[in-house]
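Dear colleague,

I am handing over the structure we spoke about, and I would be grateful if you could look through it alongside the notes that follow.

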Amino acid sequence: MILDLAVQAAQMLLVLALAPLLTGFVRKVKARLLLRQGPPLFQPYRDLLRLLRKEVVLAENASWLFRTIPYLIFAATWVAASLVPTFANGLIFSWSADLIAIVALLGTARFFLALGGLDIGTSFGGIGSSREVMIASLAEPAMLMIVFTLALVAGSTQLSTMASFLASGEEGLRVSLGMAAIALIIVAIAENARIPVDNPATHLELTMVHEAMVLEYSGRHLALVDLSAELKLLLYVSLIACLFLPWGIATPDAGARALVIGVTAYVVKLAAAGFLLAIFETSIAKMRVFRVPDFLGVALMLGLLATLLMFVSRSH
Amino acid sequence: MTLTIILLCAAAFLIISALSLALHTSALGRILVYGGSLTVSAVGLAAGLAELLGQGPAEALTLPLGLPWLGAHFRIDALSAFFLVVVNLGAAAASLYALGFGRHEHSPQRVLPFYPLFLAGMTLVVVADDAFTFLFTWEFMSLSSWALVMAHDRVSENLRAGYVYLVMASFGTLTLLLAFGLLAGPEGAYAFGAIRDSHPSSALATLVLILVLIGTGSKAGLVPLHAWLPLAHPAAPSHVSALLSGVMTKVAVYAFVRIVFDLLGEPVWWWSMLVLVLAGITCVMGVLYALMQHDLKRLLAYHTVENIGIIFIGLGLALAFQAYGMAWASALAFTAALLHVFNHSLFKSLLFLGSGAVLTATGERDMEHLGGLIHRMPLTAFTFLVGCVAISALPPLNGFVSEWLTFQAILLSPQLPAWGLKFIVPAVGALLALSAALAAACFVKAFGVTFLGRPRTEAAARARETDRFSLTAMFALAALCLLAGILPGYFIDALAPVAQSMVGGSMPLQRDVPYLSIVPIAEARSSYNGLLVFLFMLFSATAAVLVIHRFASNRLRRGPAWDCGYPDPSPATQYTASSFAQPIRRVFGTLVFRAREQVEMPPPGDAAPARLTVRLSDIIWDTLYEPVARAVDYAAGWLNPLQSLSIRHYLGLVFAAVVGLLLVLAISP
């Protein structure tokens with residue numbers, strides 16, 4: 001019990017501690033691929049600390065909701081991120097929210113972020129919010145279809161059960177799982193505002209989505225919004241890792257050695273994912289906004305097809 | 001005992017209505033009607049709760065009213081008790097709200113007498129136990145609500161709304177009349193008890209199902225029978241809109257459940273396909289229509305259509321499971337549907353009451369003329385936000401729980417052997433997921449454009465917070481939304497007797513699950529704990545606030561908005577409801593609404609403004625209603641000469657009709 005609680009607490013702090021590092025790593029690799037020196041690996045931590053210490057400059061007509069939203073987004077994202085297995089499976093609180101609820105928690109965070117974009121009443125905020133909900137209106141059903149597929153494979157919507165089932169290798173290779181994996185990667189790219197859907201490094205461009213929504217945030221509020229975005233990236237990478245690359249993940253009753261292996265494997269997986277993301281982002285151009293629905297439509301169709309195959313092939 | 005109380009409540013509503021005729025001009029009339037209705041519906045709520053939670057045996061009572069050889073049968077069982085709770089809870093909230101809101105009514109004599117009649121009608125429908133009483137009270141409910149829809153008859157679009165509503169309501173009652181006629185058979189066994197024992201043949205039952213789906217679906221707002229709903233619901237005063245959308249559509253769901261699950265006997269598997277396909281289309285069409293609106297109340301009304309779709313998905317799945325004798329799975333889907341009935345009655349009432357507060361404060365329903373109301377009406381804004389989060393099915397509020405249960409039911413359906421269902425159910429699941437995501441978009445728009453940003457008109461800039469009665473009602477509903485979201489287990493347990501009596505099974509008792517989680521099937525399969533999620537979020541947010549304010553910075557300075565350095569002082573540069581929906585209109589609307597955008601740019605040098613025209617066409621109205629309306633018009637024109645015949649011709653027609661009927665009798669076996 002105590003050990004379980006410790007693992008859960010370690011997991012909560014680990015995701016918080018590692019999230020900026022992953023973002024920093026992706027930025028660094030991208031810079032090196034473009035033959036630039038790039039910011040130091042730990043720059044995101046410095047940015048966060050600097051922002052936290054700065055005063056907030058709030059627009060004159062900002063409401064109480066605008067000031068509350070960063071905390072709400074952070075809370076929802078952090079709770080969701082701490083329920084995804086990272087280095088160890090069978091987290092003690094995993095029964096409190098299954099994968100559907102985790103997706104919905106991210107939905108809650110996005111709902112408030114989009115409201116934050118509308119609060120000041122500027123055109124940039126509006127453009128960001130309206131595009132964000134358009135992207136979400138396709139990404140979220142695609143994600144739920146992926147959840148359906150996995151739930152039918154594993155016979156459970158509990159993420160821990162799914163992860164240990166897939167780790168056990170009982171299922172072997174399935175077409176549905178392959179389609180779900182591709183769809184999940186597409187959704188992850190869209191949800192985290194990465195190229196080709198959105199550009200995380202942009203400012204003052206009519207194509208931006210996420211950055212346009214958070215344009216009016218400053219100081220500690222911006223720090224929380226940025227940290228939530230970094231947490232979300234880590235969450236999706238952890239999710240892909242624990243479902244489709246479940247090697248090395250520690251089982252619930254494993255000893256210290258398994259935990260060490262789990263942590264090492266997790267860090268290696270994060271680095272690999274960050275590296276691949278950077279390569280992908282540098283090798284592709286950003287899409288026009290109205291090409292994004294086609295891109296996400298692929299994910300939705302793959303998810304639906306995968307679910308349909310599971311419905312047809314399975315009857316228990 | 002409970003039944004007697006409920007019937008006395010209905011009688012009390014009628015008396016209040018009669019008394020209000022004498023008092024309608026004074027403030028006393030308002031206090032009598034709404035205060036009286038509040039008291040009576042509180043009694044009805046308590047009686048319904050006692051019956052539902054006490055799990056007493058069903059009670060029946062026959063009054064010497066109605067048809068002389070039949071009498072008026074009334075009966076209360078778990079299903080009736082649950083719907084009594086929904087009806088009376090909604091009625092109590094709306095009445096409390098109207099104690100303050102009714103002050104702004106400019107023609108109270110058009111509202112006050114009909115309001116208690118409407119409540120009486122809804123209360124009686126759910127306890128009626130024979131076809132005659134049921135249809136009588138159903139029509140009573142329709143007509144009294146029609147009178148309320150027509151309360152503001154100076155507005156021309158309300159006249160059209162009232163007309164369409166009347167036509168659709170009569171059509172719905174007609175199909176129900178035929179359905180009961182088929183069920184009662186040639187002997188005219190109209191009592192529900194007799195119908196229950198009659199076991200109609202499968203072909204007859206199918207015909208009844210289709211008629212009932214049309215009759216109750218037109219009242220509930222199933223696509224394509226929804227056309228009247230977004231016209232009529234917003235036309236009524238806001239507290240009545242809350243009842244129409246939050247409660248009366250649920251009475252239609254009651255009628256569907258009562259007839260299909262209770263009276264019709266064993267379902268055939270493909271009935272569920274019919275229900276599921278209609279429900280899935282209803283979900284997505286409802287929310288897409290809602291997204292295209294910029295009238296706040298009409299947006300809410302269209303969104304009711306979506307939620308009815310979600311409820312019917314649950315009911316369709318329950319039918320499918322029942323057809324294959326999987327009572328436990330059927331109970332899960334059925335409970336999900338009923339829980340959504342309850343949840344939707346809470347948050348839709350809340351949102352309509354909020355829109356009423358906005359309407360009173362600004363005189364505007366059009367979101368394009370609102371904005372920034374969160375500064376002037378912070379409490380209304382807060383409750384409206386709670387309603388928006390709940391209806392968007394976001395944790396930790398209640399809308400999520402019932403959608404989550406529906407998803408769990410969908411995940412059980414690969415066990416259904418029928419191939420048709422194997423293809424339909426995943427598609428319906430995808431439609432449900434799509435509509436959930438679009439609902440969130442819709443309510444970001446509704447809240448963001450109405451309450452956030454800068455005021456777009458003087459009226460919005462000068463808005464005042466609404467009165468205490470209204471706020472109390474809205475806060476009570478918001479608190480219930482939270483309560484049902486974090487402690488869903490108790491609400492699910494309360495529905496167990498209903499599921500037991502309708503589908504012959506119930507979900508496992510949730511109060512035995514540790515830590516107040518809900519576990520629909522088995523813990524290894526799925527579980528959700530709203531309380532823990534809520535506490536975790538509360539803890540994380542509080543910890544973040546405390547740590548940051550203690551160790552980092554809590555300084556704050558107000559300055560002009562940044563907006564990339566080019567802030568424009570005109571509120572017209574903000575995103576509006578239409579521009580917010582533009583990306584979604586481009587993605588989905590070109591297909592569904594044949595949306596066309598046309599930009600007219602003046603030639604260079606010309607100072608005329610550029611114009612963007614958006615054209616949307618309502619595909620269902622154009623392809624279904626327009627041809628029918630034209631056909632009726634044509635037939636009416638063609639039959640018109642029959643009105644001015646001589647007496648000889650009329651007698652000839654009567655004679656021909658008698659001969660025709662006799663011939664039919666002679667030929668038919």
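**Fold of chain A**

Read from one end of the sequence to the other, chain A of this predicted model runs through the pattern α-α-β-α-α-α-α-α-α-α-α-α, which comes to eleven helices and one strand. The C-alpha atoms of chain A fill a box of roughly 55 × 45 × 40 Å along the principal axes.

**Confidence**

For the complex, the predictor reports an ipTM of 0.96 together with a pTM of 0.95. Chain B has an average pLDDT of 92, and 100% of the residues in chain B score at least 70.

**A helix pair in chain B**

In chain B, helix 4 (residues 114-125) and helix 5 (residues 131-149) pack with their axes 8 Å apart, at an angle of about 150°. Because angles over 145 degrees count as roughly antiparallel, helix 4 of chain B is described as roughly antiparallel to helix 5 of chain B. The crossing of these two helices of chain B is left-handed. Helix 4 of chain B contributes residues including B:F114, B:Y115, B:L117 and B:F118 to the contact, while those that helix 5 of chain B brings include B:F134, B:W138, B:F140 and B:M141.

Technical notes:
Residues are numbered from 1 along each chain as its sequence is written. Chains are lettered from A and ligands numbered from 1 in the order in which they are written. This is a predicted model: local features need pLDDT of at least 70, side-chain atom pairs count only at pLDDT 80 or more; totals for chains, interfaces and linings use all residues. pLDDT is the predictor's confidence in each residue, from 0 to 100. Axes are lines fitted to C-alpha atoms, for helices over the stretch in contact, and angles run from 0 to 180 degrees between N-to-C directions. Helices (H or I, at least four residues) and strands (E, at least two) are DSSP runs, numbered from the N terminus. Angles under 35 degrees count as roughly parallel, over 145 as roughly antiparallel, 65 to 115 as roughly perpendicular and the rest as oblique. A crossing is left-handed if the near helix is turned anticlockwise from the far one by less than a right angle, and right-handed if clockwise. Two residues are in contact if their C-beta atoms, placed from the backbone, lie within 7 Å.
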